[in-house]
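Welcome, and please have your viewer ready. We will go from stop to stop, with something to select at each one.

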Amino acid sequence: MAEERAERDYRVPVLLLLGVLILAFSSFSPEPEHQASLYYLVPGQDGGKAEILRVPKGASQEQVSQATLPPGALAISPDMSCDAAPPEITQLFNLPLPVNQADQESLMLLPGIGPKLAARIIAFREEQGPITGPDDFIRVKGIGPKLTARLSPLLCFAPAEKKL
């Protein structure tokens, strides 16, 4: 009788060896540089779009001096006033959205706000004036108490100022 040779499955040991090699050699790879930065909002020239300027946090005072920062540059921080931040950057920096300055696209970034509801918010603003708080916000057709309660921490109700 011919002996049947059992075929061995080498997939598991090969995968284990590959995993060990990856773990062993990953300790030799250089660590990425985690560099904190300061961000500044620079107003656009001649009414153009505002830009964001990044300065490494460890930069010397000479690098952050007025020579590198254009006049009118505003430091972006969590405690900056609501009306100072353009709606386009609020989500990027985890700032509340200024509902009286936001365009339709910015409003649609909020959870539960689609194109129709964003258009209603803008129409309400244009007809009734600035939205001064949650009590005004709830008066927009299609926005109820639950949505207002969910969105209130994500919004600020500062009056619309001139844009940068």
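Start by selecting Glu126, which counts as exposed because its relative accessibility is 64% (exposed means over 50% relative accessible area, buried under 20%, partly exposed in between, with a 1.4 Å probe and protein chains only). This residue sits in helix H4, residues 115-128. Helices here are DSSP runs of H or I with at least four residues, strands are runs of E with at least two, and both are numbered from the N terminus.

A word on what you are viewing: this is a predicted model, where local features need pLDDT of at least 70 and side-chain atom pairs count only at pLDDT 80 or more, while totals for chains, interfaces and linings use all residues. Residues are numbered from 1 along each chain as its sequence is written, and side-chain values use heavy atoms, leaving out hydrogens and water.

Next, select helix H1, residues 11-26, and find Ile22 in it. Is Ile22 buried or exposed? Ile22 is exposed, because its relative accessibility is 54%.

Now zoom out to the whole protein. Colour by secondary structure to find six helices and five strands. Of the 164 residues in the protein, 29% are buried. Finally, consider contacts (heavy atoms within 4.5 Å): among those between residues at least 6 apart in sequence, 45% join residues at least 24 apart.
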